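Thanks for sending this one over.

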Amino acid sequence: PPASERPDNNFATKAARSVMFSNLTEDNFIKLWENKYDSGGLIKEDAQPLAQGSFASIFPMSVLTGEDGEKKGGKQCIVRVANSPPGPAQQFTYEKELQALIAYLKLSPAVTQIEPEKNKLVLINTDEQPRGLCNIYAYYVIETQTQRTIFTIMPLGKPLMDVIEEELITASDGQETQQPRDLSQIVGGISQLALTLHMMHKKGIYWRDCKVDNVILMDGKAQIIDINSGVCTVGYASHEQLAKLQIETFTDSQAVTDALEQVLQSQPDHQTWETQDVFALSIVIMEWLTYGMFTYPYNRDEAAPSYVHLLLYELKVYDLLLSELSDLYDVSVLKGRLDRKMKHWSARIGEGIDPTSQIVRDLTLWPLAVTEFRRDRRLFDMWAALAFWDHVDHQFGFIGHWLDWYFDFAKHAQAA
């Protein structure tokens with residue numbers, strides 16, 4: 001904001017300062033805003049966006065601390081900007097980011113100020129960061145008569161999707177023919193995400209948009225980003241929620257998203273958001289095992305099929321998975337639940353996507369999941385516990401709520 005609208009106050013006490021940004025000052029942050037962003041809050045051409053169309057950008061930490069200018073090779077960080085000039089779209093983005101920040105502060109073990117402070121730079125100390133979530137080093141919420149903007153400063157991690165794409169390139173080059181993938185990394189990563197979900201759910205906070213794109217790796221550990229912000233991505237929506245939608249056709253993606261958001265908002269108990277998060281995490285497993293190809297059973301250059309077609313395709317793949325694993329695992333209870341789901345969605349369409357066709361197998365790589373599930377029982381147990389949440393107790397003979405069993409298992413899997 002202009003100098004006349006900036007409050008003259010002490011932006012943070014020394015005790016509250018993050019170790020990573022001990023030299024961060026409000027003046028340096030304002031310089032970053034003035035030099036790297038235009039008046040509308042858009043990044044200028046000389047800055048590096050995190051991804052095309054992203055409102056997050058990569059900066060050297062030295063820009064924020066004022067140390068040695070923009071020296072090359074130094075540590076980098078992410079600055080996310082949600083700006084809300086007049087307009088409903090921008091207002092939604094701002095409110096979404098604000099709710100995510102409030103949720104983050106609720107999860108922080110030592111933060112007492114849950115409502116974000118306004119018009120001052122606030123640093124979050126290292127020991128106040130919630131485990132399993134990508135850290136927020138500092139935030140700056142500007143609310144004036146002419147501007148509503150949220151800045152969040154975060155470490156630069158490696159997106160899980162980048163890791164998956166690197167693995168796909170390696171596999172495509174034939175470099176994996178001698179040595180199979182280390183499945184322990186996937187087991188450990190999913191366990192870390194599951195334990196974080198458990199912590200969030202106990203405090204009434206939900207991920208909502210659980211998907212591969214919202215997972216990053218920091219020092220090899222999987223961490224969650226974008227919590228409590230918006231509605232889930234339809235391709236990761238649980239069948240139980242989609243079956244409740246009061247719409248006639250599933251061909252309009254925006255109509256599906258709007259209807260799904262209405263269902264999730266009108267039923268805010270654990271049977272809605274909690275189970276949605278858990279089911280979506282089962283899709284993350286499938287995406288990880290299939291190099292990110294699983295949720296796209298069609299050529300990307302073609303028009304996308306309706307969501308009913310995609311749902312039925314997914315269920316048919318699960319049916320094939322269980323059939324091919326039945327010689328190794330007892331899948332009878334899981335297949336019973338799956339048959340009921342397939343019957344429901346089959347009534348909605350005439351001819352579905354055939355997952356056994358060579359084209360679909362090549363596009364989605366779903367047979368890889370069968371191979372990996374056979375190699376590592378832990379992976380199959382985790383996927384089944386997540387994807388078939390309401391029958392896992394009967395399937396595996398455990399007493400008590402499946403969630404308690406799953407997260408107990410996840411602790412042991414992570415330790416292993």
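1. Eight aromatic pairs turn up in the structure, a pair being Phe, Tyr or Trp rings (six-membered ring for Trp) with centres within 6.5 Å; planes under 30 degrees apart are stacked, over 60 edge-to-face, the rest tilted. Tyr 318 and Trp 383 make an edge-to-face pair, 5.0 Å centre to centre with 85° between the planes. Tyr 318 sits in helix α9 (residues 307–325) and Trp 383 in helix α13 (residues 377–387), 65 residues apart. Both Tyr 318 and Trp 383 are buried, meaning under 20% relative accessible area with a 1.4 Å probe, protein chains only.

2. The model is predicted: local features need pLDDT of at least 70, side-chain atom pairs 80 or more, while totals for chains, interfaces and linings use all residues. Numbering runs from 1 along each chain as its sequence is written, and side-chain values use heavy atoms, without hydrogens and water.

3. Which residues do ring pairs link into a cluster? They are Phe 294, Tyr 313, Tyr 318, Tyr 329, Phe 373, Phe 380 and Trp 383.

4. Do look at the cavity too: there is one of 30 Å³ or more, where a cavity is a set of points on a 1 Å grid over the protein atoms alone at which a 1.4 Å probe fits but cannot get out. Fourteen residues line the largest cavity, counted as having an atom within 4 Å of a point; α3 gives the most, with four.

Notes. On a 1 Å grid over the protein atoms alone, a cavity is a set of points where a 1.4 Å probe fits but cannot get out, and a pocket is an open set with protein on both sides within 12 Å along at least five of seven lines; lining residues have an atom within 4 Å of a point. Grid points are joined across faces, edges and corners, and a volume is the space filled by probe spheres set on the points. Helices (H or I, at least four residues) and strands (E, at least two) are DSSP runs, numbered from the N terminus. Buried means under 20% relative accessible area, exposed over 50%, partly exposed in between (1.4 Å probe, protein chains only).
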